[in-house]
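Biologist: I'm new to this one. Can you walk me through it, one piece at a time?
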Amino acid sequence: MAFEKAYSYLSERGLADRVLRFTVSSATVELAAAAVGCAPEHIAKSLTFMLPDGPVMIVCAGDGKIANPKYKAQFAAKAKMLTREEVSDLIGHEVGGVCPFGIKDGVKVYLDESLKRFETVYPACGDAQSAVKLTPDELFSASGALGWIDVCALPAEA
């Protein structure tokens, strides 16, 4: 059901032809990269957290990790990831297929600057056997993101 919701959302924005379906799992960055045939850093992973005013999703490059000092400076709160159950209940997609398309109302979406270094990125499309081929600008527009933020550390920075 979540795939259909995400696909419909993208279809309404003229992006249905960018959706990729797989016969293998794309539930992790590594599996998604293998399914797509790209480097892991090109996978746009969606990380979900709880803020005092509700859930937030940060979409970042596959090789990015949340840098706690940057997160705290951005949101004035400690990073508290949602549990598997909370992701399903509050976001509307299951872990392994979380993406900013067709999510529940009230989820704030931000894109991390780590995505801007690529011409093409691949977020999931609602389930663990899908991806969407987009430019970072297309992802920004399609996701309804509130802005670009810098809350990740990349391997060279770690």
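Biologist: Where is Phe101 found?

Modeller: Phe101 is in the loop between H4 and E5. Helices here are DSSP runs of H or I with at least four residues, strands are runs of E with at least two, and both are numbered from the N terminus. This is a predicted model, in which local features need pLDDT of at least 70 and side-chain atom pairs count only at pLDDT 80 or more, while totals for chains, interfaces and linings use all residues. Residues are numbered from 1 along each chain as its sequence is written, and side-chain values use heavy atoms, with hydrogens and water left out.

Biologist: Is Phe101 buried or exposed?

Modeller: Phe101 has 0% relative accessibility, so it counts as buried. Buried means under 20% relative accessible area, exposed means over 50%, and partly exposed is in between, with a 1.4 Å probe and protein chains only.

Biologist: What is Phe101 in contact with?

Modeller: Leaving aside neighbours within four places in sequence, its contacts include Ala6, Tyr9, Leu10, His93, Val132 and Ala142. Contact means heavy atoms within 4.5 Å. Phe101 and Ala142 are 41 residues apart in sequence, and their C-alpha atoms are 7.5 Å apart in space.

Biologist: Val132 is on that list. Which strand is Val132 in?

Modeller: Val132 belongs to strand E7, residues 130–132. Val132 is also buried, because its relative accessibility is 0%. Not counting residues up to four places away in sequence, Val132 touches Phe101, and also Leu10, Arg18, Val19, Val121, Tyr122, Pro123, Ala124 and Cys125.

Biologist: And how far is Val132 from Ser114?

Modeller: Their C-alpha atoms are separated by 18 Å, and the two residues are 18 residues apart along the chain.

Biologist: Let's switch to rings. How many aromatic pairs are there?

Modeller: The structure holds six. Rings of Phe, Tyr and Trp (its six-membered ring) pair if their centres lie within 6.5 Å; planes under 30 degrees apart count as stacked, over 60 as edge-to-face, and the rest as tilted.

Biologist: What about Phe75 and Tyr110?

Modeller: Their ring centres are 5.5 Å apart and the planes are at 70°, so this pair is edge-to-face. Phe75 is in helix H3 (residues 68–75) and Tyr110 in strand E5 (residues 108–112), so the pair links distant parts of the chain, 35 residues apart. Both Phe75 and Tyr110 are buried.

Biologist: Which residues make up the cluster with Phe75?

Modeller: Phe49, Tyr71, Phe75 and Tyr110 form one aromatic cluster.

Biologist: How are the rings of Phe140 and Trp148 arranged?

Modeller: That aromatic pair is stacked, with 5.7 Å centre to centre and 10° between the planes. Phe140 is partly exposed, at a relative accessible area of 26%. Trp148 counts as partly exposed too, at 23% relative accessibility.

Biologist: Now the outside. Where is Lys65 found?

Modeller: Lys65 sits in strand E4 (residues 65–66). Lys65 counts as exposed because its relative accessibility is 59%. With neighbours within four places in sequence left aside, Lys65 is in contact with Val151, Cys152 and Ala153. Lys65 and Pro155 are 90 residues apart in sequence but 8.3 Å apart in space, C-alpha to C-alpha.

Biologist: What is phi of Ala76?

Modeller: It is near 55°, a positive value in a residue other than glycine. Ala76 lies in the loop between H3 and helix H4 (84–91). Its relative accessible area is 70%, so Ala76 is exposed.

Biologist: And Thr120, which loop is that in?

Modeller: Thr120 is in the loop between E5 and strand E6 (122–123). Thr120 is partly exposed, with a relative accessible area of 22%. Apart from residues up to four places away in sequence, Thr120 touches His42, Lys133 and Leu134. The C-alpha atoms of Thr120 and Glu85 are separated by 31 Å, and these residues are 35 residues apart along the chain.

Biologist: Last topic, the whole protein. How many helices and strands?

Modeller: Five helices and nine strands. From the N terminus, the order is α-β-α-β-β-β-α-α-β-β-β-α-β-β.

Biologist: How much of the protein is buried?

Modeller: Buried residues make up 49% of the 158 residues. Among contacts between residues at least 6 apart in sequence, 63% join residues at least 24 apart.

Biologist: What size of box do the C-alpha atoms fill?

Modeller: Roughly 40 × 35 × 25 Å, taken along the principal axes.
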